[in-house]
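Please find below a note on the structure that was sent for comment.

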Amino acid sequence: MKSAFENLDKVLEHRVRLQIMSVLVTHDAFNFNPLKEMLNVTDGNLASHIKALEKEKYVSVSKTFVDRKPNTKYKVTEKGRNAFKKHLDALEEVIKQQK
Amino acid sequence: MKEIKEYEKDLASIRTMMERSAKFISLSGLSGVLAGVYALAGAVAAYFMVHYPISPFRYRIYSASHPEMLWKLILIAALVLAASLFTGLWLSNKKAKKHNLTLWTSASKSLLLNLSIPLATGGLFILIILYNGHYGLAAPASLIFYGLALIQASSNTYDEIRYLGYCEIVLGLISALYPGYGLQFWALGFGLLHIFYGVIMYNKYDK
């Protein structure tokens, strides 16, 4: 039998990334600061994890200017949504197998 | 490879994140109790203005009818609403700070939007029926529209608020059968039910 562990997404094994994804899949778009407050993490921490998700094309970033201030919005991509779903299924499977 | 407990923690953290971002959980139970107290105070004031010295439990076929009294009643209702909103915002802000959250999130925004549509509709509808002289229907209509607003809002905050909504609607419908008892039903729905619900929520989430 193939182990459920193999289906886990390596990129999503970090809890902060998982949390970013769970916020983004339930919303159209999210800004940097509200996301930071929601997760209770530092700027650098959030930025580095978002970068990792961006590299995998799980999230897309759009930068605009509102009143000359940078406004960064994050969206989950279709690829990211699928990966998140698969990872959740795998998590469920892993836990089930242990019981 | 992580421990199995870690994976369970992962799942739990997803759940909290989703709830935290989709639901407004800073709503304070205490503000429900206080809103109920304001409503009761408003109802008592209205009673002394309109019905006194008739016993509050006797059925009447007439009720507020001249415009001057109507304005006073509308003023009382507006004061109760303003005091409740102010207390609700203040206590929720305090609770949000305690949990390291901000009050103005996408969840609270959609909560406000979902609340405001049935409430604004109800408010306008009540003003229209008052204008047309159907005074007896104002209290039932306010209870029913408020109940619908709560059920609508329950997807954005604690789910239990849905049951308060059902109670308000049932009370509003019964009240429509007895137009002369509008004030009493209003006191029951906005006063006692709020206090009852607020105490339950306070014990469940705020303690």
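1. Basis. This is a predicted model, in which local features need pLDDT of at least 70 and side-chain atom pairs count only at pLDDT 80 or more, while totals for chains, interfaces and linings use all residues. Residues are numbered from 1 along each chain as its sequence is written, and chains are lettered from A and ligands numbered from 1 in the order in which they are written.

2. Overall make-up. Chain B has 7 helices and 0 strands, where helices (H or I, at least four residues) and strands (E, at least two) are DSSP runs numbered from the N terminus. The pattern along the sequence of chain B is α-α-α-α-α-α-α. The C-alpha trace of chain B spans about 75 × 30 × 25 Å along its principal axes.

3. Burial and contact range. Of the 207 residues in chain B, 38% are buried; a residue is buried if 20 or more other C-beta atoms, placed from the backbone, lie within 10 Å of its own. Among contacts in chain B between residues at least 6 apart in sequence, 75% join residues at least 24 apart. Two residues are in contact if their C-beta atoms, placed from the backbone, lie within 7 Å.

4. Helices α2 and α7. The axes of helix α2 (residues 29-50) of chain B and α7(B) come within 6 Å and cross at roughly 160°. Axes are lines fitted to C-alpha atoms, for helices over the stretch in contact, and angles run from 0 to 180 degrees between N-to-C directions. α2(B) and α7(B) are therefore roughly antiparallel to each other (angles over 145 degrees). By class, their contact has 20 nonpolar, 6 polar and 1 charged residues. Ala, Val, Leu, Ile, Met, Phe, Trp, Tyr, Cys and Pro count as nonpolar, Asp, Glu, Lys and Arg as charged, and the others, Gly among them, as polar.

5. Helices α6 and α7. Helix α6 (residues 161-177) of chain B packs against helix α7 (residues 182-206) of chain B at an angle of about 165°, with axes 10 Å apart. The contact includes L164(B) and L171(B) of α6(B), and F185(B) and L193(B) of α7(B). Its residues divide into 7 nonpolar, 4 polar and 1 charged.

6. Contact between chains. Chain B contributes 18 residues and chain A 16 residues. On the side of chain B, helix α1 (residues 4-22) supplies the largest share, 12 residues. The residues on this side of chain B are 9 nonpolar, 6 polar and 3 charged.

Notes
Buried ≥ 20, exposed ≤ 12 C-beta atoms within 10 Å, placed from the backbone. Parallel < 35°, antiparallel > 145°, perpendicular 65-115°, else oblique.
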